[in-house]
Amino acid sequence: MAGKNQGIDASEPWRDFAKAPNSSQSHTINRILKRALDIVVAASLLFLLAPLFLLVAIIVTLSDGGPVFNRHLRVGFKGREFGCLEFRTARADATPNPHITIVGDILRRSSLDKLPQLINVLLGRMSLVGPCAVTGEELLRYGEHAYAYISVRPGLTGHWQTGGCGEPSYQNRLSLDIEYLSNWTLAWDFVILGKTLSALISRHALLPRLDS
């Protein structure tokens with residue numbers, strides 16, 4: 001991230017955060033357990049959902065012959081930039097105002113477009129639960145909390161997704177991220193995962209849009 005993200009030096013500050021007063025031995029063990037959970041769950045889901053993964057990939061490709069994935073550059077653990085993967089939801093020949101395909105609309109509303117991010121989790125670039133993955137420019141808005149952000153892995157889901165009412169504004173999302181970074185516990189991760197799973201299996205997410 002150094003040299004790319006407006007002068008935020010990731011070489012040492014994340015280490016300082018890791019030694020903060022709330023980083024007890026128990027806290028460190030919970031961090032290890034969190035990573036172990038990421039690996040087990042991501043690997044299991046990728047294995048179990050492999051047929052669905054392949055089916056979606058084929059449908060996306062056949063819809064207009066374009067690439068299967070979008071790769072968005074984000075800042076991750078220790079300030080390292082990585083390609084955050086998603087199934088492509090807009091037309092391959094999209095203009096600056098992307099046209100969402102019918103398949104893409106279904107993927108977005110069901111959150112299946114985020115399925116490839118399990119690969120990021122397995123590779124250690126993301127976590128199942130964490131702050132929202134942001135760009136280098138967006139990270140500057142975290143101010144003094146930017147170093148807390150790069151001390152953890154951004155999440156596939158997080159307090160930024162389950163802690164607000166409906167779609168939170170950008171500023172509210174930022175506040176939710178800071179609250180999560182300041183008060184993180186492994187138990188809170190399980191609560192967030194439970195809320196996310198409940199939202200995913202809700203009937204509303206899979207209903208066809210009625211306002212079109």
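Here is what to click on, stop by stop.

Before you start, note that this is a predicted model, where local features need pLDDT of at least 70, side-chain atom pairs count only at pLDDT 80 or more, and totals for chains, interfaces and linings use all residues. Residues are numbered from 1 along each chain as its sequence is written, and side-chain values use heavy atoms, with hydrogens and water left out.

Select residues 170-183, helix α9 (helices are DSSP runs of H or I, at least four residues, strands are runs of E, at least two, and both are numbered from the N terminus). Its 14 residues reach 20 Å from first C-alpha to last, close to the 20 Å expected at 1.5 Å a residue (that is 1.5 Å times one less than the number of residues). Now colour the buried ones, including Leu174, Ile178 and Tyr180 (buried means under 20% relative accessible area, exposed over 50%, partly exposed in between, with a 1.4 Å probe and protein chains only).

**Stop two: the core.** Which residues have the most contacts inside the largest nonpolar core? Select Phe87 and Tyr180, in a core of 21 residues (buried Ala, Val, Leu, Ile, Met, Phe, Trp, Tyr and Cys joined through side-chain atoms within 4.5 Å). α3 gives the most to this core, with four residues. Apart from it lies another core of 13 residues, with Leu139 and Ile150 among them.

**Stop three: a loop.** Pick Lys78, between β1 and β2. Lys78 has a positive phi of about 60°, though it isn't a glycine, and is partly exposed at 25% relative accessible area.
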